Amino acid sequence: MVKGNWALFEEDFWAINQILQALMRSASARSVMLIDKTGQLINSIGEPPGFDVTSFSSLAAADFAANAQLAEMVGESDFATLVHQGTKESLFLQVIANRVILVILFDRKTSLGLVRLKARRASDELLNVLQRLFDKLQYRNEEVAAPTLGADFAAEAENEIDSLFRD
Amino acid sequence: MSLINYSSREINCKIVYYGPGLCGKTTNLQHIYSRVPQETRGKMISLATEMDRTLFFDFLPLELGQIRGFRTRFHLYTVPGQVYYNASRKLILKGTDGIVFVADSQIDRYEANIESLMNMHDNLAEHGLSVDKIPIIMQYNKRDLPRVVAVSELEKELNPNGNPYFESVAFRGTGVFDTLKLSCKLVLKQLG
């Protein structure tokens, strides 16, 4: 397991993108998101949601975290999937590699059974991609330190912060 | 933990405001929300009780814009300060890149600060994080009130590691942006 910062590279991003696209089509979902367990959005595809995706990601991660604690209290290691079923819109959430959360937003055009089935297949594929990514990051962390952004990055960021956050 | 997406060229970092109940963590975020340009901030989310006490967390996303071609975002969180919400505090702390510890300067909250700080150390340790590795900024809040502990005393008791500190009056905004700016800078420095 990779600790600390992690990075997503071009090839991994597109591999993930492809899996999510296929999942969305085969499950007839409205949109599919992949979220880091700390609440940061990794990728979102499908209909542009009519809500704030950043806030949504943060709440989805909190939802999962709270449920993981509930699972532990009742003697489960975790609840790997969560379903929130509404009258029109529903959500299916599944944790993958103990690191990211797959979120599927779907409506009455499809069924929970189909979504669950397709999610399971996509999760296996995503797991492979993520495992490869984590191995790569592990190697980089050990051999050449974490991915860096260059020496000028911090200096430029400082200027930006100073100009933005003023009383 | 920060997430760098080289494909969509985005960087996301997480900063958590920690501290005892009613010390001013939410007030910090509310002030930031009210003062930053609309295009910089996202929606502020508060999961609070009917009495406006934080139940789970407050969340405020801030967008710095493009830095060296990377769209850089900070996600600010507060934890619920009340002692019995520790399970929630632990969850929010997970994966944080920086911490702002907001201490209540009032004499009768002295012990509560110490207790909260010890609790933070315990929770960090449970996530395998060390206070030496994460940038921590101390903020001594409510400096305008009459019965407050001297800053030198707070420094001695709460900040033996010599982390940077600011004095603040969060509801007026004094010290709020100084704290935020330094925290953001230290977090990004770690990425550089």
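I will start with the interface: 41 residues of chain B are in contact with 40 residues of chain A, contact meaning C-beta atoms, placed from the backbone, within 7 Å. On the side of chain B that touches chain A, α5(B) gives the most, with eight residues; helices (H or I, at least four residues) and strands (E, at least two) are DSSP runs numbered from the N terminus. By class, that side has 20 nonpolar, 13 polar and eight charged residues. Here Ala, Val, Leu, Ile, Met, Phe, Trp, Tyr, Cys and Pro count as nonpolar, Asp, Glu, Lys and Arg as charged, and the others, Gly among them, as polar.

This is a predicted model, in which local features need pLDDT of at least 70, side-chain atom pairs count only at pLDDT 80 or more, and totals for chains, interfaces and linings use all residues. Residues are numbered from 1 along each chain as its sequence is written, and chains are lettered from A and ligands numbered from 1 in the order in which they are written.

Strand β1 of chain A, residues 6-8, runs parallel to β1(B), joined by three bridges; pairing takes at least two DSSP bridges. N5(B) is the bridge partner of L8(A).

Now the loops. N98(A), between β5 and β6 of chain A, has a positive phi near 55°. N98(A) is exposed, with 12 other C-beta atoms within 10 Å; exposed means 12 or fewer, buried 20 or more, partly exposed in between, with C-beta atoms placed from the backbone. R68(B), in the loop between β4 and β5 of chain B, has a positive phi of about 50°. R68(B) is partly exposed, with 17 such atoms within 10 Å.

Definitions and conventions:
Two residues are in contact if their C-beta atoms, placed from the backbone, lie within 7 Å.
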